[in-house]
2 protein chains.
Amino acid sequence: MTSLPSGRRAPRGSLSAAATRRVERPAPLRQAVYDALLELIVNRTLAPGQHLVEAELAEYLGVSRQPVREALQRLQTDGWVDLRPAQGAFVHTPTEEEADQLLAVRSVLETYSAKLAAEHATAADVKLLRKLQKAGEEALVAANVERLVKANADLHAAVAAIGRNKVLSEMIGLVDRRVRWYYTPIARPRSRDSWNEHAELVAAIAEGDVERAGEVMHNHAEQTRQTYHDRKTSESSTDSD
Amino acid sequence: MTSLPSGRRAPRGSLSAAATRRVERPAPLRQAVYDALLELIVNRTLAPGQHLVEAELAEYLGVSRQPVREALQRLQTDGWVDLRPAQGAFVHTPTEEEADQLLAVRSVLETYSAKLAAEHATAADVKLLRKLQKAGEEALVAANVERLVKANADLHAAVAAIGRNKVLSEMIGLVDRRVRWYYTPIARPRSRDSWNEHAELVAAIAEGDVERAGEVMHNHAEQTRQTYHDRKTSESSTDSD
DNA sequence: CTACAGCTTTTCGTATGCAAAAAGCACTTC
DNA sequence: GAAGTGCTTTTTGCATACGAAAAGCTGTAG
């Protein structure tokens, strides 16, 4: 019994539905390329404005131009690169204006997401949120920026998932990743306040208080937005590593 | 290769007309393919669930498989087709649940869009809105469904543009097109009410009444959503052409 | 010394070719 | 007669090849 934990056992009888998902994937190469390039962009290896030559990327990643092309086009539709008509791909350069617009849209979407979460949250959902909240506060204590960023993303994603609106979740995912790209460099100073607000949000969702959850999330997002603007004025003064 | 007009016209005559700002488009073929396929999907030539074979589409459109591939992938990211790993592209089948989720998201985005519009609208903007409103009501009188749908799209797009948030406009564009795809068959019966609400919206924006504009747009979107649900219950009873 | 013109080089856009995986079908077997 | 198995066909996924357009450079003329 223990010798076949998840193997394919179908002598006769019922085949579990989970088995269909356990089948190995053929590993879509363009997806791997997409992930690789996105990682390179997010961690600034590929600088904004940089010209991305298909052949170079292909050689660097050890694949042909085709998967690279397809990945670049998807990166364009997701707003990570600009694909100029007959000139190639350039890493998107985020402007202050665009960042603010993204933060504004994120605020609206997240607020609605929080309301939905408060409306639909089950006991299990709340338990998950508390767990994520705890993970975030631990990362806060440990002053681990990477874990902090991930915990933040996980919590927001969980809230979106609880709302039971897949379209909304997908959109929030896209917007959040870009926002985080702009915002990561300054995420640290606001961490403490941010996680206090998260706690308040979780509490509101747990109580099923729709209006309060929306309000808390709105304030949370607007605070983030405000912090981003403040950075602009103080970016020349504060310079700690 | 069939006799398909490839759209490349001979450069002749004066250079003053088109040379104003954009010389001429280098004709990105994948974009043309994208538009063509999207049109075929929207007008139901390609039915939901249908398997799209790259080679067939390529021959039908008179191009190779490459641009078709790229167009299909972009269609996937925009939610029009489902691209199964090693199986090909299938026209996306909209479920009731997904349609409702899209309508919900649209409601949120459009409401915010209306608020922004009321905040930023200039005299020229209001003039444009009134012009679009008039075009819509004329189409309403003429009972021209096609013009009506276009007028509706134009008005909403104009409101979004006035808000001066490009990220938001782009998102609304995506969502609206898909919503319209689901909603078009039942757009007619609600037209009159819809345009009355539009008039109210334009008035609120003209006055710069942010809260009222948001409220009107919210009600407008929710009415649409409600109508969509009502259709489900009455789709078997009412059947007038 | 500067500006324009023509050429060269680079890079994208498209087409074609080939291998692998999945689906469909027919055959065999119980 | 039904189910399982192996093969064939179809279709995707990736790689490569070729043509075209744009950018950069060099040389020349003013």
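How do the residues of the surface near DNA strand D divide into nonpolar, polar and charged? They comprise eight nonpolar, five polar and six charged residues; Ala, Val, Leu, Ile, Met, Phe, Trp, Tyr, Cys and Pro count as nonpolar, Asp, Glu, Lys and Arg as charged, and the others, Gly among them, as polar.

This is a predicted model, in which local features need pLDDT of at least 70, side-chain atom pairs count only at pLDDT 80 or more, and totals for chains, interfaces and linings use all residues. Residues are numbered from 1 along each chain as its sequence is written, chains are lettered from A and ligands numbered from 1 in the order in which they are written, and side-chain values use heavy atoms, with hydrogens and water left out.

**DNA strand D**

DNA strand D is surrounded by 19 residues, a residue being near if one of its heavy atoms lies within 4 Å of the strand.

| Protein atom | Atom of DNA strand D | Distance |
|---|---|---|
| A:Leu29, backbone N or O | phosphate oxygen | 2.7 Å |
| A:Ser64, polar side-chain atom | phosphate oxygen | 2.6 Å |
| B:Arg65, polar side-chain atom | base nitrogen | 3.1 Å |

**Chains A and B**

The contact (heavy atoms within 4.5 Å) takes 27 residues from chain B and 26 residues from chain A. Two salt bridges cross this interface, each a side-chain nitrogen of Lys or Arg within 4 Å of a carboxyl oxygen of Asp or Glu. A:Glu70 and B:Arg69 form a salt bridge at 3.0 Å, N to O.

Key
Polar contact = N/O pair within 3.5 Å; in protein donor to acceptor, adjacent residues only side chain to side chain.
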